[in-house]
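Hi,

Here is the structure I promised to pass on.

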Amino acid sequence: MIHRDEMDTYLKGLLAVDRFRDYGPNGLQVEGKPEVRTLVSGVTASLALIEAAIDAGADAILVHHGLFWRGQDGRVVGWMKKRLHRLLAADVNLYAYHLPLDAHAELGNNAQLGHRLGLNIESRFGEQDLGCLGTPAQPLTLAALSTLLQARLSRSPVVVEGDGRPIRRVAWCTGGAQGYFEAAIAAGADAFVTGEISEPQAHYARETGVAYLACGHHATERFGAPAVAAHVASHFGIEHRFIDVDNPA
Ligand SMILES: [Zn+2]
């Protein structure tokens, strides 16, 4: 058993929360019962995840995408009311870690995705150093990298071919990191792996020769929250379960 505030403090230090400028509050977003014995992790604090976690007996939920974001109008209506009502009625704590959970050197979304691709983080690039660069054991063809991603993420990426060069340096950043593509090109990448693509990046890939692989926002961010939650659970001797709510985006 761990007290909710102790867990908040521990995670704040583990994930170096204070180092990041973020789009929402990191840490305990919704206060529930004081004692945490069962922790459920998931990607997003959706109603489906909240309900599944409550059914699983969660005292706390740890997610990458929490409830509160810059730009919201602050009203508790519609989907926000439903999610908050379920959490508060069940007295369940909600912890959310956005950029700190992407960035952690071992447990973060980027490190965990790299690990599954056989890539260590050798250097970082882009705003707040969230982008990662690594070298495959052997140069890859684009087809081989695409096949590897499909195998690890269970969905086929959207691929924009570059100039067909062997891929010696891979840049990656999970989630909606299409805005990091130009920094990845400048950092010397032969291919860029992320979750999403927007219209301009297809042209940048064709014009710079750097291949672009969009592998799904949710699909690329499924590994960090359970890695952090499993670490916390073993550290404090509490139960943990990851619940994946599938998302085609
Ligand atoms: Zn995300």
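The sulfur of Cys173 has its closest cysteine sulfur in Cys132, 6.6 Å away, which is too far for a bond. With a disulfide being a pair of cysteine sulfur atoms within 2.5 Å, the whole structure has zero of them. Cys173 is buried at 5% relative accessibility, and Cys215 at 1% (buried is under 20% relative accessible area, exposed over 50%, partly exposed in between; 1.4 Å probe, protein chains only).

Bear in mind that this is a predicted model: local features need pLDDT of at least 70, side-chain atom pairs count only at pLDDT 80 or more, and totals for chains, interfaces and linings use all residues. Residues are numbered from 1 along each chain as its sequence is written, and side-chain values use heavy atoms, with hydrogens and water left out.

Now the metal. The zinc ion is held by His65 (NE2), His217 (NE2) and Glu221 (OE), at 2.0 to 2.1 Å; donors are N, O and S atoms within 2.8 Å of the metal (3.2 Å for Na, K and Ca), and water is not among the atoms, so sites may look incomplete. Their spacing in sequence is H-x151-H-x3-E. His217 counts as buried at 19% relative accessibility, and Glu221 is buried at 2%.

One last thing: the charged end of Arg116 sits over the ring of Phe223, 3.9 Å from its centre (the rule is NZ of Lys or CZ of Arg within 6 Å of the ring centre and within 35 degrees of the ring normal).

Cheers
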